[in-house]
Amino acid sequence: MSELRWKAIQVAQSRAIPEVEIPSGKVSDYYRSNTFTDEVMKELLTAESYEKVSQAIRSGENIEGKVADEVAAAMKTWAISKGATHYTHWFQPLTGGTAEKHDSFFDVAGDGQAIEKFKGSALVQQEPDASSFPSGGLRATFEARGYTAWNPSTPAFILYNRAGSGTLCIPSVFFSYSGELLDAKSPLINSTACLDKAATSVAKIFDEKVTRVTATCGIEQEYFLIDKALYLSRPDLVMCGRTVFGHSLAKGQQLEDHYFGSIPSRVNAFMVDFEFEALKLGIPLRTRHNEVAPGQFEVAPTFEEVNVASDHNILLMDVMKKVASKHNFQVLFHEKPFAGINGSGKHNNWSVSTDTGVNLLSPSDDPNRKLMFITFLVNVIKAVYDHADMLRATVATASNEHRLGANEAPPAIMSIFLGSTMTRVLEELENKENFDIAIGENAYVKLGINKIPSILLDNTDRNRTSPFAFTGNKFEFRAVGSLANSATPMMVLNTIVAKQLEDFKKAYDAAIAKEGDSNKEGVILQILKDYYKASKNILFEGNGYSKEWEEEAARRGLSNIKDVPEALKAYISPKTIEVFEAMKVLNKRELHSRYEVRLENFIKKIQIESRVIGDLAQNHVVSTAVKYQTRLAETAKSLVDLGLKEEADPIINIIKTISYRVKVITENVKLMTDARKKANNQEDVHETARIYSSEVKPYFDIIRRQVDKLELMIDDQDWPLTKYRELLYVR
C-alpha cells in the first residue's frame with residue numbers, strides 16, 4: 001500500500017468526534033440571530049425610513065441616499081455589536097458560486113484617530129475589480145469595470161471565520177459598466193417580477209382580491225461526505241471533484257441498508273453543527289437523512305420565496321464546506337463523484353402562491369379554486385413543453401452529464417409526470433365535445449371538474465425517474481445537479497411560465513371580448529383543452545430510465561440531447577431570445593454571454609479531467625503495474641528454473657494481461673492527449689467544445705475500464721490510489 005494511502009487511512013480511522021457547542025434554548029431563540037432581519041431593521045430605523053425601505057423591498061425600487069445612510073448606520077451598529085469587523089457585497093458571478101471582497105469598517109480620520117465608518121454609498125454600490133470574472137464577451141479586460149449593488153430582497157447576514165471575526169455580507173447584484181447583467185441573481189429577480197405580473201393577471205380572473213403572486217421553492221440538497229485525509233490522498237477528487245478511476249464496491253447500495261439508516265455519530269455531529277450555523281443565518285433547515293449510496297446524505301429546508309431560497313441554498317453549500325473542514329470532513333457536491341453508485345441532485349420543489357394565501361398548484365374543495373388550479377397546472381405543462389430544450393440547457397454541465405440518464409437520475413429527455421389522478425382529469429377535459437354552459441347551471445358538475453380531489457398528495461406518486469414531476473401541490477424539478485446554483489433553472493422556469501400565462505390571458509381576453517363573459521368557464525376550458533392537446537406529448541407516467549421510453553420519446557418528437565455543447569445551444573435559439581427579451585429578463589447579448597460562459601466552463605472542466613486522467617494513469621497506475629509485473633516475472637522465472645513450468649503458467653498469464661492493459665492505457669492516453677491538442681488549437685470555441693465532447697471525453701471510459709481492472713489484479717499493498725471501500729466506509 002502506498003505510504004500516502006496508508007497514512008490517510010490511519011488518520012481517518014483515528015479521528016475523534018469533535019464536541020459541538022449546542023445553543024441553549026429553542027431553535028426559535030437563535031433562528032436568524034446572525035441576520036439583519038425585518039425586526040432588527042424596524043427597531044434601529046426611524047418609522048419613516050423603515051417604511052421607505054420596506055416599500056423598496058416590495059417594489060424593487062431604489063432607496064434614496066438619506067435613507068441608505070440611515071440603513072448603513074443601522075447595519076454597522078448591529079454588525080459591530082455582533083463582532084463583525086468587515087463588510088462585503090456578496091454576489092453570484094457567472095462562475096456558478098459566490099464572490100466577496102471584504103472591506104474593513106475601520107478607517108483613519110483626518111486627525112489620525114481610528115473610526116468605524118460605513119456610509120450609505122458603500123452599502124448601495126461597490127466597484128470590485130471584475131476583470132477576472134467570466135462575462136462571455138460582454139467585457140474586454142481593458143473595459144473590466146463592474147458594479148455590485150445592494151439587493152435587499154434577501155436580508156444581510158454575518159459570516160464568522162474560525163478566529164471568531166465576523167463579516168457583514170450584503171446580498172447584491174452584479175452588472176457591467178454599460179448595464180449588462182453579469183450574475184445569476186439579477187435575472188432571477190427579473191423573472192420573479194414578470195411571473196408576479198403575469199400570474200396575478202390570470203389569478204384575478206378567479207379572485208379580484210389577488211394583488212401579488214410569489215414563486216416559492218424548497219431545495220433538497222444531496223451530498224457526499226468523506227474524511228479530509230482520504231480526500232487529499234486522491235488527486236482526482238482534489239482537482240476534479242470526482243474520482244476518474246476506482247473499481248466499484250463489492251458492497252455498494254444493493255442492500256439498500258444506508259438509505260434512511262442510522263446516521264453515523266461523527267457525521268451526525270457535523271450535521272448538527274452546520275444546521276446550527278444555517279439556522280442562525282435564517283436558512284430554515286428541517287430534514288436530514290442518509291441517502292441511497294454509502295457516504296451520501298441529504299438536507300432539506302422549508303419552502304421560501306424563490307429568490308431567498310436560491311440564495312439560502314448557495315449560502316448553505318458554503319457553510320457546509322466550512323463546517324466540514326472544522327470536522328475534518330470534505331463535502332462533495334459533484335453530481336457523480338463515485339462510479340457504480342448513485343450520484344447527487346438538487347431537487348427544486350417549485351410552486352406559486354397568492355398574497356391571499358392560496359397555493360395556485362393545490363386543488364381545493366371550492367369549485368372556483370379547482371378551475372384556477374387546472375388553469376395554472378395546464379399552463380405550466382404548456383410552458384415546459386414549449387421550452388423543454390431551454391430547461392434542459394439549465395442543467396447541462398460537465399459534472400451533471402455524468403449523472404443525467406444514469407439509473408438514479410432523470411434522463412436527458414424533459415418530460416412531466418402528473419400521476420394517474422390528474423392525467424385522468426385532463427384526458428376527460430380533452431374529450432369534452434363543447435363547453436356551453438347556461439347561466440345558472442353548475443358548471444363544475446357538468447364539466448366533471450368536481451372529480452378533482454381536494455387533496456392530491458396521497459393520490460400522486462413520486463416518480464423518481466421523471467425530471468419534472470407534479471407531487472400534489474408543487475412541481476419537483478429533479479434534473480438540477482447538486483453542484484448547481486438554483487438561480488438559473490428557477491429563473492428559466494419563472495420566465496417561461498410567465499410568458500405562457502401572459503399568452504393565456506391574451507387568449508382569454510380576446511375570447512371574452514368576442515363571446516361575452518356569460519360563458520367564462522367554458523372559454524377558459526376551451527383554451528385549456530387546446531393547450532393540453534398541443535402539449536400532452538410531454539406527459540409520461542412510466543419508467544424514465546427505460547430504453548423503451550427513449551424510443552417512445554423519439555416517436556413523440558421530444559428532444560433527447562445527451563451532450564452539453566448541443567444542449568447549451570438553446571440559450572441562443574431564436575425562440576429563447578424572443579421570450580426572454582419580451583419578458584425583460586435577459587437580452588440577446590446577455591443570453592449569448594451565458595452560452596459562451598457555460599461552453600467555456602464545459603471545455604475547461606473536461607480539459608482538467610483529461611489532464612488528471614493522463615497524469616494518474618501514467619505516473620501512478622502504469623508505473624505501479626510495471627513494478628508489480630517485474631516482481632511477478634521474477635517469481636515466474638524462479639518457478640520455471642525450479643522445473644515448475646505448469647505452476648508458473650497462471651502467473652505468466654497475469655503478466656500478459658497486465659501488459660495488455662498497460663498497452664491499452666498508454667495508447668489511449670496518447671490518443672486522448674492528441675485529441676485534446678486538436679481541440680485546443682481550434683479558433684472557434686464551439687468547435688473546441690464539440691471536439692472535447694465527442695473526441696476527448698470518450699477516452700475517459702476506455703482508460704478507466706483498464707485502470708479499474710488493474711486495481712483488481714495488482715496487490716492491494718501496492719495500489720497507489722485510495723480505494724472506494726476506504727473513501728466511503730472509513731469515517
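This is a predicted model: local features need pLDDT of at least 70, side-chain atom pairs count only at pLDDT 80 or more; totals for chains, interfaces and linings use all residues.
Figure 1. By residue type, the lining of the second largest cavity splits into five nonpolar, three polar and one charged. Rolling a probe the size of a water molecule over the atoms shows where empty space is left.

**Figure 2. The largest pocket.** The space in the largest pocket comes to about 1,400 Å³. Its lining consists of 48 residues, and those nearest the centre of the pocket are I57, N151, P152, S153 and T154. Several elements each supply at least two residues of this lining, among them helix 3 (38-44), helix 4, strand 6 (146-150) and strand 8 (166-176). The largest share of the lining of the largest pocket is that of helix 7, with seven residues. Sorted by type, the lining has 23 nonpolar, 17 polar and eight charged residues.

**Figure 3. The second largest pocket.** For the second largest pocket the volume is about 1,100 Å³. It is lined by 47 residues, with T95, G96, G97, L483 and K605 closest to its centre. Two or more lining residues come from each of helix 9, helix 11, strand 13 (329-332), helix 16 (487-515), helix 19 and helix 21 (588-641). Helix 21 gives the largest share of the lining of the second largest pocket, eight residues. The lining residues of this pocket comprise 26 nonpolar, 13 polar and eight charged.

Figure 4. The whole structure contains 43 salt bridges. Side chains of opposite charge can pair when their charged atoms come close. In the pair shown here, K52 and E48 form a salt bridge, and their closest N and O atoms are 3.4 Å apart. Both residues belong to helix 4 (residues 47-59); because K52 and E48 are four residues apart in this helix, about one helical turn separates them. K52 is partly exposed, at a relative accessible area of 34%, whereas E48 is exposed, at 55%.

**Figure 5. The salt bridge between K251 and D257.** The side chains of K251 and D257 form a salt bridge with an N to O distance of 2.9 Å. K251 counts as partly exposed, with 35% relative accessibility. D257 also counts as partly exposed, with 43% relative accessibility.

Figure 6. E550 and K562 are joined by a salt bridge in which the closest N and O atoms lie 3.3 Å apart. E550 sits in helix 18 (residues 547-556), and K562 sits in the loop between helix 18 and helix 19 (564-568), so the pair ties together parts that are twelve residues apart in sequence. E550 is partly exposed, with a relative accessible area of 26%, and K562 is partly exposed at 48% relative accessibility.

**Figure 7. A network of salt bridges.** This view shows five residues linked in a network of salt bridges: R5, D716, K723, R725 and E726.

**Figure 8. The surroundings of G252.** G252 is placed in the loop between helix 9 (235-240) and helix 10 (265-280). With a relative accessibility of 7%, G252 counts as buried. Leaving out residues up to four places away in sequence, G252 touches P294, I341 and Y729. G252 and P294 are 42 residues apart along the chain, and their C-alpha atoms are separated by 6.7 Å.

**Figure 9. The chain as a setting for the close-ups.** The chain has 25 helices and 17 strands. Its radius of gyration is 29 Å, close to the 27 Å that the globule rule gives for 731 residues, so the chain is as compact as a globular protein of that length. Along the principal axes, the C-alpha atoms fill a box of roughly 105 × 85 × 55 Å. Of the 731 residues in the chain, 56% are buried. Among contacts with a separation of 6 or more, 75% are between residues 24 or more positions apart.

How values were computed: Residues are numbered from 1 along each chain as its sequence is written. Side-chain values use heavy atoms; hydrogens and water are left out. Ala, Val, Leu, Ile, Met, Phe, Trp, Tyr, Cys and Pro count as nonpolar, Asp, Glu, Lys and Arg as charged, and the others, Gly among them, as polar. A salt bridge is a side-chain nitrogen of Lys or Arg within 4 Å of a carboxyl oxygen of Asp or Glu. Buried means under 20% relative accessible area, exposed over 50%, partly exposed in between (1.4 Å probe, protein chains only). The radius of gyration is taken over C-alpha atoms; the globule rule is 2.2 Å times the number of residues to the power 0.38. Contact means heavy atoms within 4.5 Å. On a 1 Å grid over the protein atoms alone, a cavity is a set of points where a 1.4 Å probe fits but cannot get out, and a pocket is an open set with protein on both sides within 12 Å along at least five of seven lines; lining residues have an atom within 4 Å of a point. Grid points are joined across faces, edges and corners, and a volume is the space filled by probe spheres set on the points.
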